[in-house]
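Hi everyone, thanks for making time this morning. Please have a look at the model on the screen, and I'll walk you through it.

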Amino acid sequence: MRQHEFFETHMVFPFSGKDADTSATYLRALIENSPIAIVVLDADYRYSMCNPAFEALFQYTPTELASTDLDDLIAGPELAEEASCLSGRVMRGHKVHMVTQRRRRDGMMVDVEIYGIPLMVDDRLAGVYGLYQDVTERNKAQTAYREISGQLENLQQEERRRLARDLHDSTSQELAVLNWNLTRLANLVSDSNESLRALVQQTKEIAYECSARIRSASYLLHPPLLGDAGLAPAISWFAESFEQRSRISVTLELSPDLGRFRDEVETTIFRIVQEGLANVFRHSGSPTVKISLQKCEPWLELAISDQGKHPSQEILYEALDRRSGVGISGMRERAELLGGHLRIDCSDAGTTINAIIPTEINIHG
């Protein structure tokens with residue numbers, strides 16, 4: 001079927017006569033000049049027409065496209081099942097969207113973003129539009145970005161380990177000696193000199209508080225439990241510490257068989273928990289927070305839920321992110337770097353941060 005015949009047969013417009021002809025002309029011009037590759041199939045999934053962008057992308061002539069099944073031609077045997085499933089959904093009247101690969105005439109596989117759109121007339125399938133956009137360069141750029149981000153993340157983790165080790169091995173030890181000397185000094189001060197004894201005791205308390213804060217900072221920079229025991233003990237320790245500092249009640253629900261995962265996965269989950277609880281403390285006003293971490297192979301599903309009543313919690317979080325450059329945007333970047341995703345759900349009952357992280361990932365894309 002030639003292009004003009006398809007439009008005359010299948011296009012339905014709310015006009016008649018000259019107006020309908022004008023609308024069909026506009027639509028033909030839109031498809032022909034679109035930079036997006038477009039192919040049109042009939043109700044039996046047979047080739048009807050395509051635009052120049054489609055011919056340029058896949059390098060097939062209209063005669064070749066009309067001679068065989070489109071999926072057989074551009075999907076190839078390795079993606080035949082995926083293409084058949086996609087086509088079946090469109091033929092049943094569903095719009096579909098996915099990023100995958102398709103084969104050009106020269107055999108090269110290209111990354112494409114596909115939209116399959118059924119053309120329904122009087123509740124019956126009249127044809128199918130297939131829109132294809134070459135995203136090979138975009139995917140290469142995203143892969144390069146993930147590689148650089150992964151390298152930066154590894155460097156940051158190494159720097160955190162170094163700082164944590166330095167704090168523990170030097171500053172904490174020096175404060176321990178200071179505390180010991182102050183204890184000895186207190187024993188040397190006579191009981192009659194109450195003001196000096198009080199001053200020594202006050203100095204001891206300040207030194208002890210500094211030691212506790214440095215120890216806490218060292219643990220937050222690189223929790224030793226995370227490397228030694230895994231996610232469950234590290235999150236339990238952090239939740240208990242957060243509860244003590246903030247007076248916010250924390251409920252934990254962790255999969256009993258959580259096990260161990262790659263360093264990148266465990267660190268990402270822990271940092272999202274860390275930042276999520278910080279957001280609850282700073283912005284939510286909720287007296288309670290619930291942390292749920294479930295293993296649903298091949299994913300880890302994390303949820304941090306509070307009872308904050310702010311009507312636009314997500315807007316508030318995002319506004320604060322723009323000022324600080326961290327927070328929700330940082331958590332989302334961490335999740336996406338590993339091939340996962342993060343979203344915020346707000347309702348009258350409160351706010352929930354949901355993160356889905358694959359347990360087996362390739363950080364380099």
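Let me start with a term: when I say contact, I mean heavy atoms within 4.5 Å. Helices (H or I, at least four residues) and strands (E, at least two) are DSSP runs, numbered from the N terminus. For angles, axes are lines fitted to C-alpha atoms, for helices over the stretch in contact, and the values run from 0 to 180 degrees between N-to-C directions.

Two words on where this comes from. This is a predicted model, in which local features need pLDDT of at least 70 and side-chain atom pairs count only at pLDDT 80 or more, while totals for chains, interfaces and linings use all residues. Residues are numbered from 1 along each chain as its sequence is written, and side-chain values use heavy atoms, with hydrogens and water left out.

Now the overview. The chain holds 13 helices and 10 strands. Of its 365 residues, 41% are buried, meaning under 20% relative accessible area, with exposed being over 50% and partly exposed in between (1.4 Å probe, protein chains only). Taking contacts between residues at least 6 apart in sequence, 58% join residues at least 24 apart.

Let's go to a sheet. Two strands pair if DSSP finds at least two bridges between them. β1 and β2 run antiparallel and are joined by 3 bridges; L41 has Y47 in β2 as its bridge partner.

What about empty space? Rolling a probe the size of a water molecule over the atoms shows where such space is left. A cavity here is a set of points on a 1 Å grid over the protein atoms alone where a 1.4 Å probe fits but cannot get out, and lining residues have an atom within 4 Å of a point. Grid points are joined across faces, edges and corners, and a volume is the space filled by probe spheres set on the points.

The search of the whole structure turns up 1 cavity of 30 Å³ or more. The largest cavity holds about 140 Å³ of space. It has 18 lining residues, with Y45, L86, I114, G130 and Y132 nearest its centre. Among the elements that each supply at least two residues of this lining are β1 (37–42), α6 (80–91) and β5 (124–134).

Next, another open sheet of 5 strands: the order is β6-β7-β8-β10-β9, and the pairing is mixed. Here β6 (249–254) and β9 (341–347) are the edge strands, each pairing on one side only. Neighbouring strands are turned by 10 degrees against each other on average, direction ignored. Strands β7 (residues 288–296) and β8 (residues 299–306) run antiparallel, joined by 8 bridges, and Q294 stands opposite E301 in β8.

Which strands does helix α10 lie across? Helix α10 (residues 231–246) lies across β6, β7 and β8, at about 170 degrees to β6. Helix α11 (residues 263–284) lies across β7, β8, β9 and β10 (350–358), at about 10 degrees to β8.

Last stop: A234, which sits in helix α10. A234 counts as buried because its relative accessibility is 0%. A234 and E266 are 32 residues apart in sequence, yet their C-alpha atoms are 9.6 Å apart in space.

Key: On a 1 Å grid over the protein atoms alone, a cavity is a set of points where a 1.4 Å probe fits but cannot get out, and a pocket is an open set with protein on both sides within 12 Å along at least five of seven lines; lining residues have an atom within 4 Å of a point.
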